Amino acid sequence: MAALDPVLEESFSKFMATSRGKKADIDEAAVRKAFESAAMAHRLQKRLSGEPYVLHSLAVAEIVLDYLPDTAAIQAAILHDVPRDAGMPVEYIERDFGPTVGLIVDGLTKIGKIPFMSLEQAEAENIRKMMLILSKDVRIILIKLADRLQNMRTVSYLPLEKRERMARETMEIYAPLAHKLNIARMKNELEDLAFSVLNPGEHQKLKAAMDQRRAGREDEIGRIRATIEKELKRKGMDVVVKAREKHLYSIFKKIQKKQQTFESIIDLFAVRVITKRVSDCYRVLEVLGNMYRPVPGTLDDYISAPKPNMYQSLHVNLLTEKGQNIEAQIRTEEMDRLAESGIAAHWKYKGHEQEEYDKKIEWMKSLLNWQREVKEESEYIEGLKIELFERGVVAFTPKGDMIELSEGSTALDFAFMLHTSIGLHADKIKINGKIVQLSHPVADGDMVEVMTSPNMKANTNWLTFVKGSKAKSKIRVALKMEGPKRKVVVETRIAHPEDEGPAGKAKLVDGVLVIKHGMTNVRIAKCCNPTGHDEIVSYPPKAGNYTIHAKSCPTFKKSQEAKRAIPVEWIHDKGELIQKINITGEDRPTLLSDILKVIIPSHVQIEKVSISMTKDEKVMITLVLRLHRKEDIDELKAKLKEVKAVKEVYAVAE
């Protein structure tokens, strides 16, 4: 190890002590190597505060350590300014620290070269470049946010004009990005720091008022927290109860939005109850409702209907016996980790799953795709504001798939989010079982069913009410196209003879309801239409018939019967198997028909068929099949590969 300046040596020792205190599993020797390299590269540079420049990089690494204790991430955080500010080529970093660290630092270096002022002044191409780089690796996003946070913590050393420019950029781009990725702690601090620069008078006034309010309420809040924890533990629940106050900028926004005074804001403090299981969250809600008086209309269930950024929790406002208004947040340990660390929690606790990460940044990738289609720069910037700033709603398909939409989105927007072809051919749309106009707004928790017709096509009137950028751009493209539109089959359920005839009655066996097709006391729920391929649940019937729901069915989850749920298992005739296969190919009018002609004469029975489009505009047909021999699948796959336009056939293991 190389000798470091005493100040740097002490700082590095404190960093590693912090790491050990957090039980972070990082390679100390590898991190020290990065620190020594950065210290050498930055040796002639100082911050405006007068401290060695490399201490800024170490401070960024310490922020990253809170969210993502990954050796490569820590090394990259320490080295992130070396290429731009010290002139060391990224190739040297890749050579000395490996391709992963090189990739992260390269991404951060490229972002550092992109000029931003505010969303109003930003160029669409610069925004696109940033999104493209950030979407490659969660560590690039996290380090960039940590770098901005550390710079905002020391922003007072900058001249006023640069301070305000950085604060505006933070408020308009980086805080919303942290919110979109559900990194709540970072988002809150970024907002408060930017608020203190952009509106110092209001910030100081609000801070003084909060300090005064806190001085008179600290003991009371502590007592309420302890009382809740004691009562819940007396009820046998394993919980942790914390007390916190809302951050200043959120209070300021509430005052501005509702045109209230600070004195009239009553829910400045909150208690957070953290449980082991989801079921305990609802038990906690019941206990708190008996202890205090819930404020009518304040219950929000973000567990059954998560926010678009995947935040989950129960929220309710409670009035204590002394009239204190307290917001209670109730969530599991994992929900709390996700709420605090957002997307980084998936990296830390899910084992670096790229697929999981891709799902979380799908909105970012869709922005990239949309930007290629939108010619007007102003429209792209406007769409970006909607994506980053607006709270959004979550709605569901009848199968329980969650669809995220921006606030004010319509039923037609929902159809376009399913797929472009579904939106273009949308004929009738049901929301919660009732047919609505295409312009009908979608609300949180709505179940939306889209019915298509090959005779339907886009018209200019649609552009007057759709909200989403995707819908607008696809409608415009369609209006310029000529020729017939494709027929789109969304999903078809295949009836079998045994579905109609008697096959005995379902019975409980050791607490599990055992069923098979055709049983006389079994009814398949139409809201989710489960098949032999789905995980299923039911509940004790009142009139003799069991109703079967898919385990993921949102309608069932919200029903009273969910509290009486019993597990269910499909049974099949001896040797019967359920197999799901995917077929991809070029889209053509009779493709599905030709595929079904191959399957129907065989010994394989079709349970369900669904069709969708892949990102490269190929068609994907998914079949759920019932069969008796595994060999049947192999024979069937070989025949299907011979169908014209079929490119790939593969079985899906589940």
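**Note on the predicted model**

1. Leaving aside neighbours within four places in sequence, Ser37 is in contact (heavy atoms within 4.5 Å) with Leu79, Met88 and Phe97. Ser37 sits in helix H2, residues 28-41. Helices (H or I, at least four residues) and strands (E, at least two) are DSSP runs, numbered from the N terminus. Ser37 is buried, at a relative accessible area of 17%. Buried means under 20% relative accessible area, exposed over 50%, partly exposed in between, with a 1.4 Å probe and protein chains only.

2. On the basis of these values: this is a predicted model, where local features need pLDDT of at least 70, side-chain atom pairs count only at pLDDT 80 or more, and totals for chains, interfaces and linings use all residues. Residues are numbered from 1 along each chain as its sequence is written, and side-chain values use heavy atoms, with hydrogens and water left out.

3. The largest nonpolar core has 71 residues. Such a core is a set of buried Ala, Val, Leu, Ile, Met, Phe, Trp, Tyr and Cys residues joined through side-chain atoms within 4.5 Å. Those with the most contacts inside it are Phe15, Val64, Ile74, Ile78, Leu79, Met152 and Met186. Another core, of 25 residues, lies apart from it; Ala426, Val436, Leu438 and Val448 are among its members.

4. Helix H1 (residues 6-21) and helix H3 (residues 54-67) have axes that come within 11 Å and cross at roughly 0 degrees. Axes are lines fitted to C-alpha atoms, for helices over the stretch in contact, and angles run from 0 to 180 degrees between N-to-C directions. H1 and H3 are therefore roughly parallel to each other. Angles under 35 degrees count as roughly parallel, over 145 as roughly antiparallel, 65 to 115 as roughly perpendicular and the rest as oblique. H1 contributes residues including Phe12 and Phe15 to the contact, and H3 residues including Leu58 and Leu65.

5. Three strands form an open sheet in the order E10-E9-E11, with antiparallel pairing. Two strands pair if DSSP finds at least two bridges between them. E10 (434-436) and E11 (448-452) are the edge strands, each with a single partner strand, so one side of each has no neighbour in the sheet. The twist averages 35 degrees from one strand to the next. E9 (residues 426-431) pairs with E10 over 3 bridges. Ile429 has Val436 in E10 as its bridge partner. H20 packs on the sheet, touching E9, E10 and E11.

6. Ser406 lies in the loop between strand E8 (402-405) and helix H20 (411-418). Ser406 is buried, at 13% relative accessible area.
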